[in-house]
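Subject: Structure for you to look at

Hello,

Here is the structure I promised. Please open it and keep it beside you while you read my notes.

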Amino acid sequence: MKELAGRLTALDPDAGAAVRVIAYFDRLAESRAGLEALVRGAAVLAGVPARLVDADRRVHVRVETDGTRRESELPPDAAWPSAALTPGGAPALWLERAQEAKPSVVDAVILERAAGAIRLVLDRTRGRAPADDPALVETVLDATAPEAARLHAARRLGLDPAAPARVLAPLEGRPRIVPAQPDAEPPAGRVGVGPAVPVLDLPRSWSQARIALRFTAEGTAQDPGPGVVHADELGDVALLAGLVVPGAESPPDVQALEAAAAAAPWLLVTLHAVASTVSLRAAAAEINVHHSTLQERLAHAEHLLGWPLRTPQGRFRLGLALAMRHLART
């Protein structure tokens, strides 16, 4: 093959380069190279970064021309040369070639050979297990399951053991495991989002996602607040979850909130706006009332609650009370 490539190069440089590409990927396939090695080969041969994205099997690999794996938050450009992993499928392997570059025979061969080798690796190691297979998800999220079993289940789900992932905990339905790098659309309704962690640490992400779920709200007048809460944005506020037991007697400030809300239907929305915005004027704009109307409401709310709301200490206390109100729900 090497001799053939040399002869072809003398006649047609592109033909010679194409033969060398074919030989290169044949060697990688014979040595059962992994996904990252195959994507790295595409990047080095093409002289531009290469990116593999298989959404069905949750595989995301991007390699620079120097062989370094480096992910990017930017989506693939439709103008880049690309190849599908299956006939008629969506593009999954890209060469990040500038738009003004002319189509290259060598690029086409790189993509075709790399995609074929990648498909074999994926079919061999990841199969076609449903991305939300309940039994596999349960195994991955079970901290008591052996590591080998969790890794096997993760691979069957299409998760890359070398890439971080996070858990989504919806109020209704099963948990979802998603790669940390791509933006995943959360399920409808209230959802807690766990931190991005290595695959073997996903039970921790699941636990923290369920805590984050307790801080979510329906977004209604009687339950104002965000429908999606990220665990890693809670910080030490998450410690409140261990202090407030759902269904037990509510803390005194939460009881005061409930009593005040019963007397003034506008109260919870108003107080949420005050606690979650940077100023009273911003809070007034949030709920579409005049600043003077907000001042009147706050004066009434202070009378009902029994503590000030227009001081830093009072707003801090209010924020804690609203958070604990969510946590106290059954």
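How many residues lie between E1 and E2 in the hairpin they form? There are four, and arginine 58 in the turn has a positive phi of about 55°. Keep in mind that this is a predicted model.

Stay with E1, residues 50-54. Five bridges join E1 to strand E2, residues 59-63, and the two run antiparallel. Valine 53 has histidine 60 as its bridge partner in E2. E1 also pairs with strand E4 (residues 91-95), again antiparallel, through three bridges. There, leucine 52 is partnered with leucine 93. Four of the five residues of E1 are buried, so the rest of the structure largely encloses this strand.

Next, the salt bridges. The structure holds 16. One joins glutamate 96 to arginine 51, with the closest N and O atoms 3.0 Å apart. Glutamate 96 sits in the loop between E4 and helix H4, and arginine 51 in strand E1, so the pair ties together parts 45 residues apart in sequence. Glutamate 96 is buried at 14% relative accessible area. Arginine 51 is buried too, at 6%.

Another salt bridge links aspartate 253 and arginine 317, at 2.8 Å between the closest N and O atoms. Aspartate 253 is in helix H9 and arginine 317 in helix H13, 64 residues apart. Aspartate 253 is buried, at 17%. Arginine 317 is partly exposed, at 36%.

Look also for a network of salt bridges: it links Glu36, Arg40, Arg69, Glu71 and Asp160.

Best wishes

Definitions and conventions
Residues are numbered from 1 along each chain as its sequence is written. This is a predicted model: local features need pLDDT of at least 70, side-chain atom pairs count only at pLDDT 80 or more; totals for chains, interfaces and linings use all residues. Side-chain values use heavy atoms; hydrogens and water are left out. Buried means under 20% relative accessible area, exposed over 50%, partly exposed in between (1.4 Å probe, protein chains only). Two strands pair if DSSP finds at least two bridges between them. A salt bridge is a side-chain nitrogen of Lys or Arg within 4 Å of a carboxyl oxygen of Asp or Glu.
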